Amino acid sequence: MESNALMWFRKGLRIHDNPALDHARRGATRILYPVFVLDPRYLERDPSAFSPGSARSGLNRIQFLLESLADLDKSLRRLGSRLIVLRGGDPADVVIRILREWNIGKLCYEFDTEPYGQARDARVKDFASGSGIEVFSPVSHTLFDPAHVIQKNGGKPPLTYQSFVKLAGQPAPPIGQPFSSLPPVGDVGECENVGVPTIQELGYGSLGQVEFSPFRGGESEALKRLNESLVDKEWVANFEKPKGDPSAFMKPATTVLSPYLKFGCLSSRLFYQSVQEIYTNVKRHTSPPVSLVGQLLWREFFYTVAFGTPNFDQMRGNKICKQIPWSDDDKLLASWRDGQTGFPWIDAIMVQLKQWGWMHHLARHSVACFLTRGDLFIHWEKGRDVFERLLIDSDWAINNGNWLWLSCSSFFYQYHRIYSPVTFGKKYDPTGKFIRYFLPVLKDMPKEYIYEPWTAPASVQRRANCIIGRDYPRPVVSHESASKQCRLKMGEAYALNTASRGPWAARIWRSSAGNSEKTIQLPTRARDSNRNA
DNA sequence: TTAAGGTTGCAGTG
DNA sequence: CACTGCAACCTTAA
């Protein structure tokens, strides 16, 4: 029996290693609709946000998404198809509507582990199943199926990296691309204006002063960047994450493939396989957790814990999160967010975040530690929100996981180890090239004072054309006393957490837990993943 | 109960 | 750059 198929793109914005797309084109499919639905939750303009963009996304990531969609459309057209971009409200409602209107018999989409995606997909799947529509939803965003790893661990997610790695084993290889054309797209009925929009068409036209990220979106760009990253076999083999230079920005010390993994422009399985091939061809190579493959496994680790932990993205009701009485100070928070703390190393990183949507991993550590347990003692959820909005690689599981880590709320507990907002950056960049680039107001400050400009004599400040307190802020805290206070407060909070670990502690979790009871959608079983024609 | 280990601290020394 | 001492957290495995 002939039927129309719908390939619903969300993440997984690629042609290669895309099992859902592969399944959609197979069998008796005569008509294939490749669809992406613009989600107002991420794209609707919010003038009240602290930077241009929507409530949840800055312009850099919106632009990255649109570039990824345009590239996907181009690739689909080469295969005789095209991308249909739909507007009109909640994506689940839109998809349910077109399932009926376009007489869809087969619905394919990549499995999504995030709570928002789970709820969205549950609605669509329920409708489709009730209407006799075949649903195929394979795991292809991650190397492993988080549900399967949790099952192997006795129903609980592994909470240490090492135990996760032991459990995970080897990932499946990417699927080949055994097709050179796709079925044609059918009539889109009453849907109008189904092309990939420009950022101006989304209502962001008047905001031209924003500096856009140097990183362009899309699968083509992802594969190009992957190949360029892997050209230097020695570099790949000797990669050690903690030894990277967070101040390198003209040529970043990492691959910057994270935004492509986030949107699925790049398959993690292809990345994994490509690195493994290099490993087999060199004498020796580094290992997890510090190696390049180790970085991919960190991603898997956080995806798995996030999938199996209710309320993972908040302190309350999160069983793996220390309960810490963070302080509430909107002025201090704003100074951090806007790059106005008076610590050039911190502020330059925050400006890079705003302008590029990307910073080195250790730079993220530096500013996250400063905001939370290191200096300002502000809630990690506030910092998480800022990162989530501004990063082009913003990823729910990884971002929350790392904020839990850096704030010593989970995974990592050595709260006495605090990054210095002065000396940490100086180790890598003694002359302050990074600071001068992202904070031009300090470009003429002598290197002796570039990390602590408030210590520069007035005459030096005048010569550098930068008066501290007028052209650049004084430090919002004294690092010496603030970090000392933070250590004390962390010690007290930890003691309370330990004391409340009795049988009555469960009440705390239950009384503060929000809507942790949610239906979890399971992926289409692996054996249904039909790789053979 | 104890010992070992944990991707990425800092300051000082050679 | 590699090593030490510093002060010291948690979880896991025995």
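The questions below set computed values against their definitions.

This is a predicted model, where local features need pLDDT of at least 70, side-chain atom pairs count only at pLDDT 80 or more, and totals for chains, interfaces and linings use all residues. Residues are numbered from 1 along each chain as its sequence is written, chains are lettered from A and ligands numbered from 1 in the order in which they are written, and side-chain values use heavy atoms, with hydrogens and water left out.

Q: What makes residues 1-140 of chain A a domain?
A: The bounds come from an automatic or database domain assignment. For chain A that assignment gives domain 1 (1-140), domain 2 (220-308) and domain 3 (330-480).

Q: How far apart are domain 1 and domain 3, and how many residues does each put into the contact?
A: Their C-alpha centres lie 37 Å apart. Contact means heavy atoms within 4.5 Å. By that rule, 15 residues of domain 1 and 13 residues of domain 3 take part.

Q: What is the area buried between domain 1 and domain 3, and which residues of domain 1 lose the most?
A: Buried area is the accessible area (1.4 Å probe) that two parts lose on being put together, summed over both. Here the value is about 1,100 Å², and carbon and sulfur atoms give 56% of that. On the domain 1 side, F50, N60 and R61 lose the most area to domain 3, together 56% of what that side buries.

Q: How many salt bridges and how many polar contacts cross the interface of domain 1 and domain 3?
A: Ten residue pairs, both at pLDDT 80 or more, are in polar contact across the interface.

Q: Why is S213 called buried?
A: Buried means under 20% relative accessible area; exposed is over 50%, and partly exposed lies in between (1.4 Å probe, protein chains only). S213 has 3%, so S213 is buried. Beyond residues up to four places away in sequence, S213 touches N60, Q355, W356 and I392.

Q: How do you know that S213 has a polar atom within reach of the F215 backbone nitrogen?
A: The distance from that nitrogen to a polar atom of the S213 side chain is 3.1 Å.

Q: What makes F302 a helix residue, and why is F302 called buried?
A: Helices (H or I, at least four residues) and strands (E, at least two) are DSSP runs, numbered from the N terminus. F302 is found in helix α13, residues 292-308. Its relative accessibility is 3%, so F302 counts as buried. Leaving aside neighbours within four places in sequence, F302 is in contact with A397, I398, G401, N402, W405 and F411.

Q: What stands out in the backbone at V256 and N311?
A: V256 has a positive phi of about 50° although it is not a glycine. Phi of N311 is near 60°, also positive in a residue other than glycine. V256 lies in the loop between α10 (233-238) and α11 (258-262).

Q: Why are V256 and N311 called buried?
A: V256 has a relative accessible area of 2%, so V256 is buried. N311 has 11%, so N311 is buried.

Definitions and conventions:
Polar contact = N/O pair within 3.5 Å; in protein donor to acceptor, adjacent residues only side chain to side chain.
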